[in-house]
Amino acid sequence: MNDHEFILNKAVQGGRLTYEEGVVLMASPDLLSLGRAADLVRRRVNPGDLVTFIVDRNINYTNVCSCCCRFCAFYRREDDPDAYIISKEDLFQKIEETLAADGTAVMIQGGLHPKLGLDYYLELISSIKERYHIHIHSFSPPEVAYMAQTSGLSLREVLLKLQEAGLDSLPGGGAEILVNRVRRIVSPNKLSWEQWMAVMAEAHQIGLKTTATMVFGHVETYAERVLHMIRVREQQDRTGGFTAFIPWSYQPGNTALGGDTATGVDYLKTLALARLMLDNIPNIQTSWVTQGARLAQVALAFGANDFGSAMLEENVVRAAGVNYRVPVTEIVHCIQASGFTAAQRNTGYRVLKKFPPS
Amino acid sequence: MDHILNGELADLGQKVLSGTRLSREDGIRLYQTKDLLALGSLANWVRRQKNGDKAYFIVNRHINHTNICENLCKLCAFGREAGDPHAYTLGLDEIEAKALASAKERISEIHVVGGLNPGLKLDYYVEMLQRLRQALPGVLIQSFTAVEVDYLAKLHHKPVEEVLALLQAAGLDSLPGGGAEIFAPRVRKIICPKKISGERWLEVHLAAHRLGMRTNATMLYGHVETVEERVDHLISLREAQDRTGGFLTFIPLTFHSRNTGLEPLQLPSSTGYDDLKTLAVARLMLDNFDHIKAFWIYIGLKLAQVALFFGADDLDGTVVEEKIAHDAGAETSQFITKAEIIKTIKAAGFIPVERDTLYNVVEEGF
């Protein structure tokens, strides 16, 4: 048995992989063995044959952002002609459309707008909760840290106020690669990895669940991807609040950073490795938004157990020139065609509705 | 390999590893398995036996000389009636100009296919071939599907062998694999009722093989056909190959419905699983074919790269001006550079080899 097989067997048996072992797996060209091991682990962590998805909507309240990350095609400056802040009218209409489409949540995220203070965000949340019964999955760590900075409050105080206003959970964006060497290159004005993790730790401690993402395929090394996973795993050991891990590949269209996107093989390897490394995270999401439905479906054999969101709207990835549209019927078809049972879930991964095989 | 020899496909794994030919029932079971990775591992084993770690590509140019077509198959979004405002026919000067324009791209193949246009007679095709040969010396000409060759034979009341010999003398090196669709008459009645039968398609190819021409074979899947009909299609090709050995490559083509006559049926589109399974089953069933191609323009470059682990050893090439799949809504770009395709192959851990139509090595050691 070579190193590679030994490590895969260890993971399949339930052993925790080390950083070094993760690096060995990532460097191996043996895609199918890696996928096989990830699939076995996925079936142990998520027994049964369900693949879940959520119906929700991304609402981007502003595209004005002082961060100006080099991998981002969404942000604008305040005086750009297409800069915007969403109106209440538009916001409520989008929520009503979401509810009408059996959506259960809104993911409200936006840029770091210099004119928007904590009060804006609190009022935004409470105005929604006053009117609608909908889960609010909003504000990634960069936004929360920005609110703390502009208000002078601690992260904990900001999160408590948001929670009190009606915030239910946090999305895992802004993680990019949780290694400061990489962040200095791709997002020099964004919070450090320690600050990102501090927001998540505080959120978990007050009972807000979150996800964790990873944007790979730009300037990071394979080893830095593994380090990212290790850092998420260590936090999960301490606070246990991550519901899912969502790896997606950098989309270079219209960005300052440019370059190529990760290949299909790289995507599957990274996703499979995440399933093997993150033994304490229940769900791994595939990303049709960035990979297209075909490859996203194939990822179900490489460790993914969740198809992400049948989003009614997504602006950030679209700004980078990627525009895959996958409505609910197609997601269900993809899941069924791979031999799994499709189920709609809520943000907390509770199954709401199973789709009988067609 | 241990999981292949333990799981639900264990007996088929034994057969494959011992070089035993798979039966129709075996093929159906392979298609029906939920264990995508076991199927892939098995196909990958055969692929490595036949082609090692090599992954082939070609630098070529596609030209679609006319979209006027008497058949107007329901599966097709490309064909037009003669009077249609979008109908076109390229003159021989235009075709020659397109060929000359690609000379500096160091192509090794020119690939011309088009509709069944009653206005274009044998002399048009013969002169086209002669001018292409002159314009691009040393570039192989892979052109005209069996459907077009049969049409020319009928138009001129000549045996297909004679038409093929005339085309060959004018410069034709090889026939592409188009028009095979699914051989089953039940399916052809629905998707392409006026097209030649599966038997006729095979006759034309066998005739070409007997003249010393190598040809390709395709299968259009993901519309109204059953798994059994796919497997029967593969077996028909395997039997034909036993007779002549003239087929170079098998190319499964995933069906794109947009703008076709089948769009109203709202068929669910084929999925990534189906694309990979189809390549893998083909690799396992077609034990007498050297090559299986994952045509990136139909399934996207990301999935085509992954397909290198599922039996495919060829990604086709840099295709300029591909019209047929794109008229049917294929969302891939129409062109990738040689550098991109080499990078994609290497990133998957395979060895890129630039080939010509006949799989002679044009360049390697990238």
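1. Let's start with burial: of the 358 residues in chain A, 55% are buried. Please keep in mind that this is a predicted model.

2. A compact globule of 358 residues would have a radius of gyration near 21 Å, and chain A, with 19 Å, agrees with that. As for secondary structure, chain A holds 14 helices and 11 strands. If you take the contacts in chain A between residues at least 6 apart in sequence, 77% of them link residues at least 24 apart.

3. One sheet deserves a look. Four strands of chain A form an open sheet with mixed pairing, in the order E9-E1-E10-E11. Strand E9 (306–309) and strand E11 (351–355) of chain A are at the edges; each has a single partner strand, so one side of each has no neighbour in the sheet. On average, neighbouring strands here are turned by 25° against each other, ignoring direction.

4. Inside that sheet, strand E1 (residues 50–54) of chain A runs parallel to strand E10 (residues 341–345) of chain A, and the two pair over 5 bridges. If you want a pair to click on, Thr52(A) has Ala343(A) in E10(A) as its bridge partner.

5. Next comes the helix over this sheet. Helix H14 (residues 328–337) of chain A lies across E1, E9, E10 and E11 of chain A, at about 140° to E10(A). Its buried residues include Ile331(A), Val332(A), Cys334(A) and Ile335(A), and also His333(A) and Ala337(A). Just after H14(A), Gly339(A) adopts a positive phi of about 90°.

6. What covers the buried residues of H14(A)? The cover includes E1, H12, E9, E10 and E11 of chain A, together with helix H11 (272–285) of chain B. This brings us to the other chain.

7. The contact between the chains takes 23 residues from chain A and 25 residues from chain B. On the side of chain A that touches chain B, at least two residues each come from helix H3 (31–45), helix H11 (264–277), helix H12 (288–298) and H14 of chain A. H12(A) gives the largest share of that side, with 6 residues. Sorted by class, the side of chain A that touches chain B has 10 nonpolar, 9 polar and 4 charged residues.

Methods
Residues numbered from 1 in each chain as written. Chains lettered and ligands numbered in written order. Predicted model: local features only at pLDDT ≥ 70, side-chain atom pairs only at ≥ 80, totals over all residues. Rg over C-alpha atoms; globule rule 2.2 N^0.38 Å. Buried ≥ 20, exposed ≤ 12 C-beta atoms within 10 Å, placed from the backbone. Contact = placed C-beta atoms within 7 Å. Pairing = 2+ DSSP bridges. Axes fitted to C-alpha atoms, helices over the stretch in contact; angles between N-to-C directions. Nonpolar A, V, L, I, M, F, W, Y, C, P; charged D, E, K, R; others polar.
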